[in-house]
Amino acid sequence: MLKKVSGLKKPLKGEITIPSDKSISHRAVMFSSIAEGECIVRNFSSGADCHSTLNLFKQLGVNIDFIDDKTLKISSVGKLKKSDTPLDNGNSGTTMRLVSGILAGQNFDSVLIGDESLSKRPMKRVIEPLTLMGGEIKSVDGHAPLTIHGRSLRGITYTSKLASAQVKSCILLAGLNAEGETTFTEPYTSRDHTERLFEYLDADIKINGTSVTVKPSKLSAKDIEVVGDISSAAFFIVAGLIVKGSDFIIKNVGINPNRSGIIDVVRRMGGGVNIQNERVVAGEPCADIRVQYNDSLNGCVIEGSDIPRLIDELPVIAVLASQAEGEIIVRNAEDLRNKESDRIKCLVEELTKIGINIRETTDGFIVSGKRELNGNATLESYHDHRLAMSFYIAGLVCKNEIAINGFEWTKISFPEFEELMFKLTTLNL
Ligand code: S3P
C-alpha cells in the first residue's frame, strides 16, 4: 500500500491514549500460558506480532478467549501440548526467541517457522546458550525454521556479549524449567519486562546489577494490565517536537527506565517533554507525557548504555535529529542491522531521498541538521513497521508530499497509528 503524506500546516493538539505495549503483551500471554490457572489480560496489543504469540499458544493447547477486543481470558493447566503442525511466528522475533526458551525444555518436539523477514534474522544468539543448557535445536544455518527437540535442561551461567532482552528472556524462561539455577549477564541492562513480570508472578528471581538469576519455579496465574507502548508513543513525541506549535498529551505511556531512553535523549537535545501522573501498573511504571514543539533542539551523542534503552526508537530519532542544530551521532548500535530490516542501511538510503543529511557508519549513523526537507520522493519501508511510521513523521515536516511504500506493515505493532495522528490534527480547531 502506497501512503501519501503531506507537510502539516497546523500544530498537533489535544490528547491521545497510547495503545498497549508490544513487549509486555507478548510476555503476558506467554507467562500466563505456562502458569497453572485462569487470569485476565487487559489492554492487550492489537498488533499482528502479539496475535502471532496468541495463536501459537492456542496451538499449544492453551485456552485463550477474547472477552472484548483488548481483554483476554487465559486458562491453562500449566502444561503445553505438542502441536502436530509448525508453529507460525509471523514477523515476530520476540515470539520466536522467547518461545524457543519455553519449548526447549518440554517433553515434545516443535517446529517454529516465520515469514520471509523473520527467516533471515539471526537465531544463533538463542540456539547457542540453549544448547549449553542441554537443548537440541536444528536450524538452517542459524535461521528459522527451527526444529526444537524438547529435552531436560540444566541451568547455566551465561555472559552475553549483546544487551538483548529477547536473548535474556529466552534463557530465563528456559531456566524456569531447568535443573539448578540459571544466571544471565549482559553488558548493559536491556528492557526488564520479563524480570518484572516474573517477580509479579512469584518466580524465584534475583537481580544483581546486569545479572539475573532464576531458580526452577512455577509462575502464578494473576490478572495483568498492560501499559501503553513507549515505542509507539515515540512517533508522537517526535511529531510534537518538530511540527510547529504542537502541544498535546499522550496518556498511559510505559516509562520503564530501561525503555525510556528517548525521553533522556529529547531532554539532552533541549526538547520539552513533561512527565505527569506517574503510577505503577502490574510492576511497570507508567505516566502521561506532555509534548511541546521546540525550535531550538541541539545535537548529542547516543551510545553505550543508551542503546538498549531506545533501540527501537533510533529510526524516528534520526528524523528528530534532522530538525536539530548540530550533529546527532549514534554509536554501538550495530544490532540495528538485525531488526525487521537492516535499519542502518535502509534508514540512510531512504532519509537521504527527502533531503536529510545522514551518513551510515558500521555501528550507527550521523545526522547533521538542521535542514528544510524537500520531500518529493517515494520511500521504501522494506516491510519494516518502524521505518514506515518514522517516514510518515518525516513527511509531516517536508515541503512537498512524500509517498511510503508498504505502509500496511504498521499493523505489525501499531494498527491505530494513523487514527491517533488524525485525532491530534482534526480535534485541533
Ligand atoms: C524486544 C527486545 C528488543 C527490541 C524488540 C522487542 C523484547 O530486541 O528490539 O523490538 O520484547 O524483548 P533485542 O532483544 O533483540 O534487542
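**Notebook: pocket, ligand, cavity and backbone**

I looked up the lining of the largest pocket and sorted its residues by class: 9 are nonpolar, 9 polar and 17 charged. In this sorting Ala, Val, Leu, Ile, Met, Phe, Trp, Tyr, Cys and Pro count as nonpolar, Asp, Glu, Lys and Arg as charged, and the others, Gly among them, as polar.

I noted that this is a predicted model, in which local features need pLDDT of at least 70 and side-chain atom pairs count only at pLDDT 80 or more, while totals for chains, interfaces and linings use all residues. Residues are numbered from 1 along each chain as its sequence is written, and side-chain values use heavy atoms, with hydrogens and water left out.

**Entry 1: the largest pocket**

I recorded a volume of about 550 Å³ for the largest pocket. Of its 35 lining residues, Ala-163, Ser-164, Ile-311, Asp-335 and Lys-339 are the closest to its centre. Helix 1, helix 3 and helix 5 are the elements that give two or more residues to this lining. A pocket is found on a 1 Å grid over the protein atoms alone, as an open set of points with protein on both sides within 12 Å along at least five of seven lines; a cavity is a set of points where a 1.4 Å probe fits but cannot get out, and lining residues have an atom within 4 Å of a point. Grid points are joined across faces, edges and corners, and a volume is the space filled by probe spheres set on the points.

**Entry 2: the ligand**

I asked which space the ligand takes, and found that it is the largest pocket (more than half of the atoms of a molecule must lie within 2 Å of the grid points). Helix 1 (22-34), helix 3 (93-103) and helix 5 (165-176) each give two or more residues to the shell around the ligand; helices (H or I, at least four residues) and strands (E, at least two) are DSSP runs, numbered from the N terminus. Among the residues around the ligand are Ser-23, Arg-97, Gln-166 and Lys-339 (a heavy atom within 4 Å). By class, this shell has 2 nonpolar, 4 polar and 5 charged residues.

I then listed polar contacts (here, pairs of N or O atoms within 3.5 Å). An oxygen atom of the ligand is 2.7 Å from a side-chain N or O atom of Arg-27. A polar side-chain atom of Asp-312 is 2.7 Å from a ligand oxygen atom, and a polar backbone atom of Ala-165 is 3.0 Å from one.

**Entry 3: the cavity**

I found 1 cavity of 30 Å³ or more in a search of the whole structure. The largest cavity has a volume of about 40 Å³, and its lining includes Asp-21, His-193, Asn-256 and Glu-284.

**Entry 4: the backbone**

Most residues other than glycine have a negative phi, and most peptide bonds are trans. I noted a cis peptide bond between Ala-144 and Pro-145, with omega about 0 degrees; Pro-145 is in strand 9 (residues 143-149). Asp-141 has a positive phi, near 50 degrees, and lies in the loop between strand 8 (136-140) and strand 9.

Methods: A polar contact is a pair of N or O atoms within 3.5 Å; within protein, one must be able to donate a hydrogen and the other to accept it, and residues adjacent in sequence count only if both atoms are side-chain atoms.
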